[in-house]
Amino acid sequence: SKARFIFDKDYIISRIDNRIYGSFVENLGRCVYGGIYDPQDPTADSDGFRQDVIDAVNELNVPMIRLPGGNFVATYIWEDGVGPRDKRPRKPDLAWKCIETNQIGTNEYMDWLQKVGAEAMMTVNVGTRGILDALNLLDYCNRESGTYYSDLRVSHGYKKPHRIKTWAIGNELDGVWQVGQQTPFEYARIARETAKAMKRQDGSIEIVAAGSAGQEYPTFGDWEQTLIQEAHPYIDYLSLHQYYLNVEKDTANFLAKTLAFDDYIKSIGSLIDYMKVKNKSHNNIYISLDEWNVWYHTRKDDMATIRDRGDEWPIAPRLLEEPYNFEDALVAGAMLIALLRNSDRVKIAAYAQLVNVLAPIMTDKKGQLWKNTIFYPIYYTSKFGRGTAIQGVIDSPKYDSKDFTDVPVLDAVAVLSEDETELTVFAINKSLTDRLDIQCDFRSFGRLEMIQHVSLENEDVYAVNTLTNPDCVMPKDKKVTPEANHLVLESLSWNMIRYK
Ligand code: AHR
């Protein structure tokens with residue numbers, strides 16, 4: 001079938017904040033222990049961090065990493081994770097019903113972030129702890145010296161402060177599963193007072209306030225409104241989370257769900273604007289979409305395992321190890337396109353998570369590592385999706401699915417590179433059956449030449465990459481056609497096309 005797109009230099013969405021290519025690391029399952037950190041692994045460096053993982057994370061070029069949770073934060077005591085390692089207590093983690101050994105804590109995290117070239121988004125526990133603990137951690141991390149907590153950090157061997165700029169106030173606190181669950185008003189007040197005090201202590205920081213656990217939760221909407229009403233002057237970003245599922249095995253409907261993703265961002269954007277008018281505020285709040293991905297393959301079984309564990313409290317068991325398939329990679333690619341299309345609102349984002357848990361990077365013992373299918377759209381978008389996002393005018397065939405009508409089969413956005421010498425189009429053909437023949441109009445970009453076309457295609461939507469078969473779903477280099485006015489996308493494919 002046929003489609004048409006127009007990209008023009010003047011159709012600017014926004015300069016892209018590179019932090020939209022951020023990720024998330026939680027003390028959960030084998031993300032930290034066995035993923036990032038494993039002193040027994042043959043690739044481990046002198047600090048016990050896996051070099052193969054560091055290399056793969058560096059490939060993804062991750063500018064910001066949110067840590068240490070997630071749900072884990074609900075019972076986390078940061079003081080347990082600093083100081084001499086042999087003195088660190090083992091504590092029950094109630095979120096995932098495991099034992100946390102605290103061998104990796106604030107300072108080790110910061111060491112590791114340096115190795116992968118990322119800055120931190122540090123989350124504080126306001127569900128079971130509170131303002132003072134957040135202030136103490138901030139002092140520990142960001143003050144040069146001369147106070148109890150900054151001197152404590154120095155005594156732990158970290159003379160220079162970490163100077164963490166971005167701080168998140170709790171996580172998904174309306175979730176019924178959270179220890180210390182809060183009502184919208186309770187959270188709004190604690191978020192306001194914590195942010196106010198933290199900013200008073202360190203005027204250089206930015207605050208991310210937690211949004212509702214998700215669109216489907218009863219408090220969604222009211223949560224965000226109450227939060228902004230109470231805490232408007234102190235918040236810089238509002239955190240949103242979104243995971244998609246395909247339990248019905250309905251590919252067409254699954255791919256259409258990214259329309260809802262777009263809608264989700266836009267409606268929260270409208271709420272933010274409304275609250276700005278209502279509160280007569282000059283403070284712009286942006287969106288931090290700091291958990292996004294597909295999550296459903298392992299979900300039910302994992303939750304049952306945790307529920308049925310009885311007296312067993314394992315250390316770093318296999319949890320949430322999603323074997324992402326080809327259609328999941330298409331959805332991840334489409335979510336990245338939506339983030340770019342909304343880059344005027346979304347300034348921070350994090351695919352959840354980075355290693356082993358809901359992850360693009362998977363590890364096994366003895367230096368074995370493979371890349372889940374979602375690695376590839378993330379890799380290419382992070383590499384070539386930096387600069388200025390350009391809105392496309394798209395004329396595409398449409399389809400109806402179980403929950404959606406008029407779903408365009410073609411979804412695309414373009415990025416003008418930072419040096420303005422290249423234009424990269426990210427595009428998906430959602431048609432299960434038809435190759436798409438696209439007439440391309442680049443208007444004011446003048447004469448362009450295609451220099452690369454990478455496509456993720458597979459005959460089997462359920463194809464996965466595994467330790468023994470790691471290259472099952474891999475991007476292909478397509479034949480480059482020098483004329484820029486015509487493009488062919490295979491049915492069910494994610495594509496990156498670069499022009500000069
Ligand atoms: O990423 C897994 C979990 O999903 C996080 O801990 C939580 O914030 C979300 O519900």
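Trainee: Which residues in α9 meet which residues in α10?

Mentor: Ala329, Gly333, Leu336 and Leu340 in α9 meet Pro377, Ile378 and Thr381 in α10, where contact means heavy atoms within 4.5 Å. Before going further: this is a predicted model, in which local features need pLDDT of at least 70 and side-chain atom pairs count only at pLDDT 80 or more, while totals for chains, interfaces and linings use all residues. Residues are numbered from 1 along each chain as its sequence is written, and side-chain values use heavy atoms, with hydrogens and water left out.

Trainee: And how are helices picked here?

Mentor: Helices (H or I, at least four residues) and strands (E, at least two) are DSSP runs, numbered from the N terminus.

Trainee: At what angle do α9 and α10 cross?

Mentor: Roughly 25 degrees, and the axes of α9 and α10 (residues 375-384) come within 8 Å. Axes are lines fitted to C-alpha atoms, for helices over the stretch in contact, and angles run from 0 to 180 degrees between N-to-C directions. α9 and α10 are therefore roughly parallel to each other. For the wording, angles under 35 degrees count as roughly parallel, over 145 as roughly antiparallel, 65 to 115 as roughly perpendicular and the rest as oblique.

Trainee: Left-handed or right-handed, α9 past α10?

Mentor: Right-handed. A crossing is right-handed if the near helix is turned clockwise from the far one by less than a right angle, and left-handed if anticlockwise.

Trainee: What classes of residue are in the contact of α9 with α10?

Mentor: Five nonpolar, two polar and no charged residues. Ala, Val, Leu, Ile, Met, Phe, Trp, Tyr, Cys and Pro count as nonpolar, Asp, Glu, Lys and Arg as charged, and the others, Gly among them, as polar.

Trainee: OK, now α7 and α9. How do they pack?

Mentor: Helix α7 (residues 251-278) and helix α9 (residues 326-341) have their axes 10 Å apart, at an angle of about 20 degrees. They are therefore roughly parallel to each other, and their crossing is right-handed. On the α7 side the contact includes Phe254, Leu255 and Phe261, and on the α9 side Asp328, Val331 and Met335 are among the residues involved. By class, the contact of α7 with α9 has 10 nonpolar, two polar and four charged residues.

Trainee: What does Val294 touch?

Mentor: Not counting residues up to four places away in sequence, Val294 touches Tyr244, Phe254, Glu322, Tyr324, Asp328, Val331 and Leu358. Phe254 of α7 and Asp328 and Val331 of α9 also belong to the contact between those two helices.

Trainee: Where is Val294, and is it buried or exposed?

Mentor: Val294 is in strand β10 (residues 286-294). Val294 is buried, with a relative accessible area of 0%; buried means under 20%, exposed over 50% and partly exposed in between (1.4 Å probe, protein chains only).

Trainee: Switching to α1 and α2. What is their geometry?

Mentor: The axes of α1 (residues 51-60) and α2 come within 9 Å and cross at roughly 55 degrees. α1 and α2 are therefore oblique to each other. The contact is made by Ile54, Val57 and Asn58 of α1 with Trp112, Lys115 and Val116 of α2.

Trainee: Backbone next. Which peptide bonds are cis?

Mentor: The bond from Gly69 to Gly70 is cis, with omega near 20 degrees, and a cis bond joins Ala352 and Gln353, with omega about 0 degrees. Gly70 is in the loop between β3 (64-67) and β4 (91-93), and Gln353 is in the loop between β11 (346-352) and β12 (361-364).

Trainee: Why flag those, or a positive phi?

Mentor: Because most residues other than glycine have a negative phi, and most peptide bonds are trans.

Trainee: What is phi for Asn102 and Arg443?

Mentor: Near 60 degrees for Asn102 and near 35 degrees for Arg443. Asn102 is in the loop between β5 (98-100) and α2 (106-116) and counts as buried at 1% relative accessibility. Arg443 is in the loop between β19 (436-441) and β20 (450-457) and counts as partly exposed at 42%.

Trainee: Last one: how is the chain divided into domains?

Mentor: Into domain 1 (2-9 + 389-499) and domain 2 (18-384), with bounds from an automatic or database domain assignment. Their centres, taken over C-alpha atoms, are 30 Å apart. The contact takes 42 residues from domain 1 and 37 residues from domain 2.
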